[in-house]
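The structure is shown first.

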Amino acid sequence: MTSENSTAPAISVEGLWQVFGENTQTALREALDAVDQTAIAETLVGRGLIPAVRDANFEVRKGELFVIMGLSGSGKSTLIRCISRLLEPTAGAVHIDGEDILQADEKRLIDLRRNKLGMVFQHFGLFPHMTVTDNVAFPLKMQGASKKVRVARAAEVLEMVGLEGREDAYPRQLSGGQRQRVGIARSLAVNPDIWFLDEPFSALDPLIRRQLQDEFLHIQATLKKSIVFITHDIAEALKLADRIAIMKDGEIVQIGTPEEIVLRPVNDYVAEFSKDVPKGRHACVESVMLEAIPENMPDDPGLRVGMTLDMALAKCMSLYEPVPVHDAAGKLVGAVNPADLAAALQVDEV
Amino acid sequence: MSVIERATRKGAMALTAGTKAALFVIVIGAICRLLGPSVDWLVSWPDALVLPITEWVGLGVGWVLDVFKPIARFFSYLLNFPMSWASFVLGETPWPLVIGMVTALGWYLGGLRMALLGALGLGFVLLSGYWAEGMNTLALVAVSVPLALLSGLAIGVLAYEKPRVKNAVNVVLDVMQTVPTFAYLTPLLVLFGFGPVVGLIASAIYAAPPMARNVLLGLERVDDEVREAAVMSGATRRQQLFLVEIPSATTQIMVGVNQCLMAALSMVIIAAVIGGFDDIGWEVLLTMRKAQFGQSFLAGLVVVIFAIIIDRMSGKLAEPREKHSPKVVWSILAIAVASAIAFSLTGWNSSDVRAFDGVADAVDSGVGAFTASNGATLDALKNNAMFYGLLPLRIGLSDAVLPFTWGFKWTLTHTLMLYGVAVAIAGLLTWRGKPTAGLTTLIFVGMVEVGIAQLAWPFVLAGAGALGWVAGGQKLARFAVVLLVFILLTGLWERALLSLYLSGAAVFACAVVGGALGLWAAVSRTAWAILRPMCDLLQTIPLFVFLIPVLMFFQIGEFSAFLAICMYAVVPMIRYTRHGLVSAPEEIIEAARASGAGKWQEMFEIRGPYAAPTILLGLNQTILYAFAMLVIAALIGTTGLGQSIYLALGKADVGLGLTAGAAMAILALVADRLVQGFAEERRKALGL
Amino acid sequence: MKTLIKTGVSALAVAAMSTGFAAAADMGAKDEPIKLAINEWTGQHVTTHVAAGMLREAGYEVEFVTAGMLNQFQAIADGDIHATLEIWSSNVSDQYAGLKDAGKLEELSDLGLNAREGIAYPAHVADLCPGLPAWEALKDCAMNFATAETLPMGRLVDYPADWGTPGADRMTGLELPFKAVPAGSEGALIAELRASTEKKSPLLITFWQPHWAMSAYDVKFVDLPAGEDACFSDPAWGPNPNAINDCDFAASRIFKAGWPGMKDKWPAAHEILVNYTLAVEDQQPMMGAVDVDGKGVEEVVAAWMAANEGKWKPVVDAATK
């Protein structure tokens with residue numbers, strides 16, 4: 001085992017390039033002479049090569065849930081495969097717990113995967129010929145664990161994802177949601193430190209998706225893994241992430257907390273994403289707080305630092321008395337409490 | 001030449017690849033047609049340029065055979081053990097036990113239907129009196145199939161693991177499947193020595209490719225994420241392959257196992273030509289020699305039954321299956337043991353039964369009586385087909401049109417008139433914006449006027465090259481031309497053209513008839529219910545058996561060979577056409593219906609174009625089948641490469657056999673690649 | 001058929017006499033089975049079963065191995081098969097000559113089967129071409145035999161291509177207006193005979209005897225000028241002064257061949273097989289009984305051997321006693 005640096009970030013990615021085509025390494029080396037990234041990319045494309053990931057740089061802290069968000073074709077799946085070294089990156093460095101895994105040999109890599117890394121796939125990647133238990137226990141089998149240990153551990157993680165009772169089923173007999181629970185259970189079987197999730201909930205129905213997101217958050221709250229999570233859904237990213245990286249055409253265009261992404265997009269592209277996002281749910285009162293405190297403030301609805309805009313609005317509205325509602329002819333037909341208006345606009349938070 | 005001018009004038013906007021290719025072929029064709037009568041070497045390749053490839057191959061292979069003979073002999077010595085075990089086990093096991101075990105297996109795999117299939121099928125074999133021979137055939141299959149499966153698996157995995165050798169492996173598989181078995185029986189005989197081992201290896205060679213292809217296909221189709229999941233679980237490469245990827249590909253691999261079984265079974269019969277084993281194939285050959293059609297059909301049916309049982313049961317392996325009560329299995333086995341004891345006590349011998357001899361004789365005399373009473377009709381049918389169809393196609397209208405068949409003599413005027421009409425049609429089509437169709441018509445008219453067997457070689461090369469260029473670009477064009485030049489150099493060109501003519505005619509007929517039947521089966525459920533079992537029968541019956549009725553009705557000659565080829569080669573055309581038409585996605589069909597398309601509009605406007613790539617694949621299979629049958633049809637008496645292969649087999653001439661086999665394989669391969677090129681292009685055009 | 005059998009008795013007796021009786025030989029490795037080739041045609045089955053019967057009588061074990069006529073020689077050279085008993089000189093591959101010259105295969109003298117090959121026709125065809133069996137008749141009625149493929153010439157069904165083209169050679173030699181169409185196999189030849197007989201249609205075919213079909217379809221030979229040696233080398237000989245082959249087939253030789261090691265391993269068996277002969281008159285009825293009456297070969301041969309001990313027993317006795 002190489003030395004583990006406890007202060008190092010869980011994952012650090014520096015200058016990572018993934019170019020598809022022939023003789024990519026030389027081509028990239030030559031192209032890198034160009035001034036800026038766009039120029040490099042253009043040179044590569046001009047030679048018939050596809051730069052799927054361009055000069056990615058970021059860190060994932062220990063216990064952090066880091067989301068990479070982008071549209072399909074933006075290179076996010078390629079990026080996560082470079083980090084997990086399912087693909088050989090063309091250039092750059094990836095350190096996991098301070099260890100340069102691009103330098104790791106085959107044996108070390110297998111060792112890392114058997115003990116330290118776990119991955120969940122968009123279409124589950126379940127082994128069709130194995131039962132649920134065998135699927136979940138497969139990484140343990142690779143570790144060389146005895147059958148008894150494997151079955152016991154599989155039961156344990158299956159219980160965690162709420163699949164007890166389906167141990168002997170085959171993947172084809174399960175629903176989509178159940179299949180992804182198996183996928184999650186399998187990736188957790190060896191209790192990895194680093195957890196890769198590649199669009200784990202994209203293939204599921206909205207209802208199931210939300211249910212699994214919530215359970216995922218719950219699991220993460222107890223396990224505190226360092227996570228790289230891929231998604232194309234901004235709402236999912238905002239809901240789950242500690243920090244978000246937005247990718248476009250292989251490039252990371254912005255890295256920030258959900259709030260930063262929503263309120264301070266670096267360009268129109270990112271702004272376009274957050275346009276439909278209900279800002280009230282993701283921004284806090286600090287983001288609209290005045291610099292100078294006015295002298296006269298008669299009402300105090302009880303706003304606190306860290307309160308979302310939605311919540312703050314509801315608090316303010318609660319100060320109002322009910323107001324009248326008229327019909328088309330101007331006749332008074334009823335009354336509405338402004339506090340209820342704000343509450344109705346708010347989406348229930350769990 | 002006016003066509004070219006007009007076409008170029010019109011095409012000044014943009015000549016499509018097809019038009020350019022057709023123009024090129026027409027120019028070459030016209031030159032050959034004009035100069036052909038005076039310049040001999042245009043029509044027949046000059047002998048001086050024929051390389052003694054046949055001798056070289058003979059010498060080279062002879063040398064190789066000598067080197068490998070000891071190893072091969074040792075191998076066949078080893079193979080003799082499983083061979084004799086298998087035939088001992090199958091031959092000595094009392095028949096009630098064998099039937100019982102197959103029935104029980106049928107039950108286990110597929111419930112009552114499969115159990116009944118096993119029991120009734122083997123019951124038929126028993127009562128036909130061919131039990132012993134049947135078991136010998138099964139013993140052969142029982143050894144050759146594992147051999148084919150293992151080597152197929154190894155080849156498939158190799159091609160999958162080493163992408164660099166994949167293309168090479170594919171070529172080898174093509175060669176294994178297209179070189180007729182008869183062509184390499186002699187070298188195998190020298191190499192492995194006399195006996196069933198040769199037939200066993202021949203059938204393994206033929207049966208391994210479908211396994212290899214399906215293994216490769218299955219492995220390539222393993223979901224990327226499944227593969228990655230195995231990697232991320234920390235599996236080594238070997239663990240990934242054997243614990244995850246191969247098991248995940250099981251369904252596809254089982255399709256391969258099924259095809260492998262069927263191929264081995266069909267080849268075991270052909271390998272019986274060598275003899276050395278008292279099996280069903282030998283029985284078919286013996287009865288064929290006596291022209292005992294009923295008996296030979298009966299023996300053939302035994303193989304069909306084996307094929308159907310093996311096909312259906314191994315087909316079940318590929319499907320997820322429901323559980324069937326093991327109690328039934330045990331009771332079936334118990335009954336089998338009991339009756340085995342009972343029958344061995346009574347000393348009843350199944351080979352004396354021959355319950356169907358009466359039927360066979362009746363069929364036999366029925367065929368005879370039918371021939372006797374319809375002789376005139378049959379002859380008229382044959383003569384008309386020959387005079388107005390096959391002969392003009394072979395030697396061209398100018399030679400085939402004779403006063404006492406067509407009522408007039410073909411003269412230069414007729415030739416000019418024919419070309420005039422063709423040019424007019426071509427011009428009309430060009431004017432209506434379909435220059436390629438017009439030019440192609442002109443080319444076909446030219447081919448019929450000259451006759452396929454008398455086509456000038458530059459024209460054939462140009463045609464193949466042009467087709468290749470259109471279907472798959474320069475690479476394919478080069479592939480086709482280089483391979484055909486090889487045939488020219490061997491001196492087998494004339495025979496190759498004869499083979500080309502006969503299989504071409506058969507493929508054309510199959511395309512028309514099979515396409516129509518496929519369409520019919522697609523629109524009518526009843527039609528498919530009738531056609532399907534017929535297709536099954538035609539595909540599983542030993543190829544030899546096709547020759548029997550054909551020979552009886554139409555005697556020796558090209559028409560009989562033509563019919564035999566058609567009977568076998570029409571099947572894939574029917575199947576693929578129907579499948580393509582039926583399997584258009586429901587959404588597209590709904591969209592068409594919502595747009596107000598009628599039944600036939602839907603068929604031709606929507607389903608037809610969607611099915612085009614599938615139908616082309618069917619055509620491709622039909623071509624390969626036609627070439628495979630061409631060799632068998634030589635038993636009826638055809639000229640062409642098939643005959644050369646037999647001649648070589650008879651004279652134990654390894655060089656000639658392999659060269660003629662290679663020429664045959666080249667024709668099949670070139671045709672295969674061309675059609676696949678077009679299919680691929682259609683698929684891409686449809687975005688499939 | 002009975003008359004045939006009767007005449008056969010004397011024929012074989014003479015044959016047996018003429019070969020002369022050699023001295024008794026050693027039995028050799030009589031516990032090891034002698035393997036005899038079973039080829040594709042019934043006549044050969046009869047011949048082989050008679051030989052097997054004789055070897056068994058002498059105390060040997062015999063095994064039958066099915067083998068393609070053309071493919072068996074390699075097996076004999078390798079010692080996988082020990083003898084094959086009915087080889088037609090008209091239908092022998094180059095491989096045979098090669099193996100024989102290399103000493104890997106021993107020719108075991110003639111079977112004594114009086115074979116004949118020729119241009120033949122089913123009896124009813126005589127009505128369609130008056131003047132048959134004289135060959136000159138064919139000159140004028142060639143058109144009656146014409147088919148789509150051969151027009152304007154008549155059609156002659158020749159041997160399968162791998163047996164050579166004797167029929168075509170005759171037609172050229174005699175300048176008969178017939179085009180030879182090779183049959184692909186023996187089955188195709190029989191099918192032609194059968195269809196012609198049932199349809200009463202014209203047929204000219206290259207055929208041979210002994211063959212069960214000769215009697216089954218009442219096949220007659222065309223009378224051609226006798227096939228003397230000169231015919232095949234000297235164009236001046238025969239009706240056509242400009243060509244060779246203007247005559248009937250040369251007499252076919254039918255002989256036996258075996259594995260060279262047999263002489264030392266089973267001396268007595270070797271002697272029996274060398275001296276074994278069988279006459280057409282004996283073989284043909286047995287073939288008929290098998291192919292036409294549908295009896296088993298074993299049964300037919302056993303019956304014949306029981307009834308005709310005088311024809312084969314002396315050969316066995318001479319080698320063993």
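## Sheet in chain A

Two strands count as paired if DSSP finds at least two bridges between them. In this predicted model, strand β1 (residues 11-20) of chain A is joined to β2(A) by seven bridges, and the two strands run antiparallel. Within that pairing, A:Q18 has A:V53 of β2(A) as its bridge partner.

The pair belongs to an open sheet of four strands in chain A, ordered β2-β1-β4-β5 with antiparallel pairing. At the edges lie β2 (50-60) and β5 (99-100) of chain A, each of which pairs on one side only. Helix α3 (residues 76-83) of chain A packs on this sheet and touches β1, β2 and β4 (91-96) of chain A. The direction of α3(A) makes about 120° with that of β1(A). In general, the strands of a sheet pair through backbone hydrogen bonds, either parallel or antiparallel.

## Which chains meet

Two pairs of chains are in contact, and of these, chains B and C share the most contacts. Chain A and chain C do not touch: their nearest C-alpha atoms are 47 Å apart.

## Extent of the interface of chains C and B

Chain C brings 47 residues to the contact and chain B brings 52 residues. About 4,000 Å² is buried between chain C and chain B, with carbon and sulfur atoms giving 59% of that area. On the chain C side, C:N71, C:R194 and C:K199 lose the most area to chain B; together they account for 16% of what that side buries.

## Polar and charged pairs

Two salt bridges are found across the interface of chain C and chain B. In a salt bridge between C:K199 and B:D379, the side chains meet at 3.2 Å, N to O. C:K199 is also among the three residues of chain C that lose the most area to chain B. Four residue pairs are in polar contact across the interface of chain C and chain B, with both residues at pLDDT 80 or more.

## Make-up of the chain C side

Several elements of chain C give two or more residues to the side that touches chain B. The helices are α2 (42-58), α3 (72-77), α4 (94-101) and α8 (186-199) of chain C, and the strands are β2 (62-66), β6 (154-158) and β7 (178-182) of chain C. Which element gives the most to this side of chain C? That element is α8(C), with 10 residues.

By class, the side of chain C that touches chain B holds 22 nonpolar, 12 polar and 13 charged residues.

Notes:
Residues are numbered from 1 along each chain as its sequence is written. Chains are lettered from A and ligands numbered from 1 in the order in which they are written. This is a predicted model: local features need pLDDT of at least 70, side-chain atom pairs count only at pLDDT 80 or more; totals for chains, interfaces and linings use all residues. Side-chain values use heavy atoms; hydrogens and water are left out. Contact means heavy atoms within 4.5 Å. Buried area is the accessible area (1.4 Å probe) that two parts lose on being put together, summed over both. A salt bridge is a side-chain nitrogen of Lys or Arg within 4 Å of a carboxyl oxygen of Asp or Glu. A polar contact is a pair of N or O atoms within 3.5 Å; within protein, one must be able to donate a hydrogen and the other to accept it, and residues adjacent in sequence count only if both atoms are side-chain atoms. Ala, Val, Leu, Ile, Met, Phe, Trp, Tyr, Cys and Pro count as nonpolar, Asp, Glu, Lys and Arg as charged, and the others, Gly among them, as polar. Axes are lines fitted to C-alpha atoms, for helices over the stretch in contact, and angles run from 0 to 180 degrees between N-to-C directions.
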